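Hi,

Here is the structure I promised to pass on.

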Amino acid sequence: MKQLSSKALGMPASGIREIMNLAWQTDDAVLLMTGEPDFPTPPHVVDAIHKALDSGHTRYIASAGIPELREAIARKIQRRTGTPTEAANIVVTNGAMMSISTSRFCLLEAGDQVMLPDPGWPNYEMCSGLTDAQVVHYPLSIENHFLPDMSQLEQLVSAQTKCIAICNPSNPTGQVYDRQLMEALAGFVEKHDLYLISDEIYEDIIFEGSHVSAAELIPERAIVISGFSKSYSMTGLRVGYMRAPEEIVRVLTKLQQPIISCGVAISQYGALAAITGPQDCVEEMRGAYKRRRDLAVALLKERDAYAYTPKGAFYIMVDISRSGMDGKAFALKLLKERQVAVAPGPTFGPGSGNYVRISLASADEDIATGLNAICDLLPG
């Protein structure tokens, strides 16, 4: 038989999913590897989905999303950023992952370079590779608080570079890009005639400081990605979106047609209820994540394993270099010997081998159990 697609065969698998599959086969495993809120979907969102079903919203919808939701998202972005935004600047996708993929398909082709963070979410590289673009990793070192170093970016950019991707707040580090850094990144993008793909899915989960969106600083060069999974605990409902210039939105919308045709109507009516309804659920979850962040930091300090304090999202990277193992070997040993599942550092990039990622979207007792198990495997 003829060979399968070389692009598909060459695409690296997610190390998070590898651990997840093993954890599901482990009795009573403590699951700290996935970024899924452990809160129920807000009742008013569930009610809106039931109402949408009862009203017969089970048909095809527009590829860019239902108009009411696009308009509501546009109002939210304009209110938060001050940047004029209309429904024509918005395309709704099946989860933010769809946005991440189609943004790459829209911008990249063979011969282009895309700059990706290291550490960064592995799916960034997976979908970028499907475009035949060359991936260039830029380091986010612990010495620089897991934030981009502008001098290093200047050394890595080239005439072939077309775009740079960021995640703010960051998965997997939980770090937040302040205004000064965002302004520097905006200047870098303009200087080198690039696009910026800004993943802002954790924009509502910030513990110190405030969120600065790329939509505020360089709306003409940015594709800003967000969604409803993290802020409203709607992971399985699969609703994400992008804000971009109108001419780019037209291409992004067209790209959805051969892949999914359109989104899921009832999910989008649920998202409409989420964005227009009461926001106390968002505040409740953020408060819980901050408490868990503080718990994790205090425990790591107590066990002499502290490295930094994340300022947003719901993750923390733990340095396991004292173990003498890389992050994958450590994660496998931790699962086998202590029944604790964490995300292996190497899946986040070539410079992340000495870490594992902990999800703080978990019960307090699970976080404490998992971190103590990690520390127990580290030499004193």
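In what order do the seven strands of the open sheet come? They run β2-β8-β7-β6-β5-β3-β4, with mixed pairing. Here, strands (E, at least two residues) and helices (H or I, at least four) are DSSP runs numbered from the N terminus, and two strands pair if DSSP finds at least two bridges between them. The edges are β2 (90-93) and β4 (134-139), each pairing on one side only.

Before you read on: this is a predicted model, with pLDDT of at least 70 needed for local features and 80 or more for side-chain atom pairs, while totals for chains, interfaces and linings use all residues. Residues are numbered from 1 along each chain as its sequence is written, and side-chain values use heavy atoms, leaving out hydrogens and water.

Back to the sheet: β3 (residues 113-118) runs parallel to β4, and six bridges join them. Val114 is the residue opposite Val135 in β4.

Now the helices. The axes of α5 (residues 95-107) and α10 (residues 246-256) come within 9 Å and cross at roughly 115°; axes are lines fitted to C-alpha atoms, for helices over the stretch in contact, and angles run from 0 to 180 degrees between N-to-C directions. The two helices are therefore roughly perpendicular, a label for 65 to 115 degrees. In α5, Met98, Thr102, Ser103, Phe105 and Cys106 meet Ile248, Val251, Leu252, Leu255 and Gln256 of α10, where contact means heavy atoms within 4.5 Å.

Cheers

Definitions and conventions. Parallel < 35°, antiparallel > 145°, perpendicular 65-115°, else oblique.
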